[in-house]
Amino acid sequence: MVAETVDGILLLDKPLGITSNAALQVAKRLLGARKAGHAGTLDPRATGLLPICFGEATKFAGILLDAQKTYTAEVRLGVTTTTGDAEGDVIDRRPVEVVGDRLHAVLTSFVGGYDQLPPAYSALKYHGRPYYEYARSGGTVPRVRRHVAIPDLTLDSREGDLVRFTVTCSKGTYIRSLAQDIGDRLGCGAHLSGLRRLASGPFQLANACTLSDLAEATIDWRRAKLLAADSPLSTLAEVVISLEETMRLRNGQRIAAVPGTPVGLVRIYAFTRQFIGLGEITRDTQ
């Protein structure tokens, strides 16, 4: 298949065991697209919603990267690993003596947010090299705590030492670190044993398709699954401008804001309903 210009966003349910980039490359080939990028990495052991942006939609990938995410997480209490998940070597085992409402109280204590220490095995960089390279060679880097927002964290179930919860969190939140921190507050240690992304910004896993779905379908079906390139902007106010204003804007000139439009980013459409791009309403344009 010859690669073509394809614009839009595919909601993919990433399977277990492959990297986000590998999933991206398969989807890109199946849709015959020239340009694509994903909006938020999932580890190979994580599954769930992976928005893939094609063509013009890649311009808005940053908005999805910055958006809130929702996950269901599975945490094994009593076992601590080098990486904070099931991929790492076990470094400690402790008895789990969590009774009564203690688990619920600890989970609730994270709601709102906290200062989180990113994992040593992560893609964050120090002097141009990712943390995990230092960790794998036995080195260490000075990790700095970063505030993460957690609007919601709900206990779903507990079966012995296995705990499942649903969490909504801000950009930059490491669920592996959250699992470890939960274990620390409980006094027994813990690691992340499973993770599935349910939502990313305005997008939901319920609307995603799988790689198998794509592989078994026609090219027309695959491309029909694409959302509009501007769909990540659905939460922004919409501004429709005249032909004259469209020409002025495309020539790099400022235009007056539509009365009543709030200050901040907006999505701009020509009078023909063609999407033009992002704009910013400032007080001096109102």
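## Ground rules

In this predicted model, local features need pLDDT of at least 70 and side-chain atom pairs count only at pLDDT 80 or more, while totals for chains, interfaces and linings use all residues. Residues are numbered from 1 along each chain as its sequence is written, and side-chain values use heavy atoms, with hydrogens and water left out.

## The whole chain

Let's start with the big picture. The chain has 8 helices and 17 strands; these are DSSP runs numbered from the N terminus, with helices being H or I over at least four residues and strands being E over at least two.

Of the 286 residues in the chain, 44% are buried (buried is under 20% relative accessible area, exposed is over 50%, and partly exposed is in between, using a 1.4 Å probe and protein chains only). Now take contacts (heavy atoms within 4.5 Å) between residues at least 6 apart in sequence: 70% of them join residues at least 24 apart.

## The largest pocket

Rolling a probe the size of a water molecule over the atoms shows where empty space is left. The search runs on a 1 Å grid over the protein atoms alone: a cavity is a set of points where a 1.4 Å probe fits but cannot get out, while a pocket is an open set with protein on both sides within 12 Å along at least five of seven lines. Lining residues have an atom within 4 Å of a point. Grid points are joined across faces, edges and corners, and the volume is the space filled by probe spheres set on the points.

The largest pocket comes out at about 1,200 Å³. Its lining takes in 37 residues, and T41, L42, D43, Y174 and R176 lie nearest the centre. Helix 1 (20-31), strand 4 (69-77), helix 4 (131-136), helix 5 (175-186) and strand 13 (190-200) are the elements giving two or more residues to that lining, and strand 13 has the largest share, with 5 residues. Sorted by class, the lining holds 14 nonpolar, 13 polar and 10 charged residues (nonpolar is Ala, Val, Leu, Ile, Met, Phe, Trp, Tyr, Cys and Pro; charged is Asp, Glu, Lys and Arg; polar is the others, Gly among them).

## The second largest pocket

The second largest pocket has a volume of about 230 Å³. There are 17 residues in its lining, with L249, I255, I268, E280 and I281 nearest the centre.

Which elements supply at least two residues each to this lining? They are strand 15 (237-241), helix 8 (243-250), strand 16 (264-270) and strand 17 (275-281). Strand 17 provides the largest share, 3 residues. By class, the lining splits into 10 nonpolar, 4 polar and 3 charged residues.

## The nonpolar cores

A nonpolar core is a set of buried Ala, Val, Leu, Ile, Met, Phe, Trp, Tyr and Cys residues joined through side-chain atoms within 4.5 Å. The largest one has 28 residues, and F165, V167 and L178 touch the most other members. Strand 4, helix 3 (102-108), strand 12 (162-169), helix 5 and strand 13 each supply at least two residues of this core, with helix 5 giving the most, 5 residues.

Beyond its neighbours within four places in sequence, L178 is in contact with F110, Y114, Q116, I150, L153, F165 and V167. A second, separate core has 16 residues, including L30, L211, L214 and L226.

T168 sits in strand 12. Is T168 buried or exposed? T168 counts as buried because its relative accessibility is 14%. Its side chain makes a polar contact of 2.9 Å with that of T70 (a pair of N or O atoms within 3.5 Å; within protein, one must be able to donate a hydrogen and the other to accept it, and residues adjacent in sequence count only if both atoms are side-chain atoms).

T81 belongs to strand 5 (residues 79-81) and is buried, at 4% relative accessible area. T81 and H191 are 110 residues apart along the chain, yet their C-alpha atoms are separated by 6.4 Å. The T81 side chain also reaches the backbone nitrogen of G84 at 3.0 Å. Over in helix 1 is A23, buried with a relative accessible area of 0%. Leaving out residues up to four places away in sequence, A23 touches L12, K14, I18, L50, I52 and L211.
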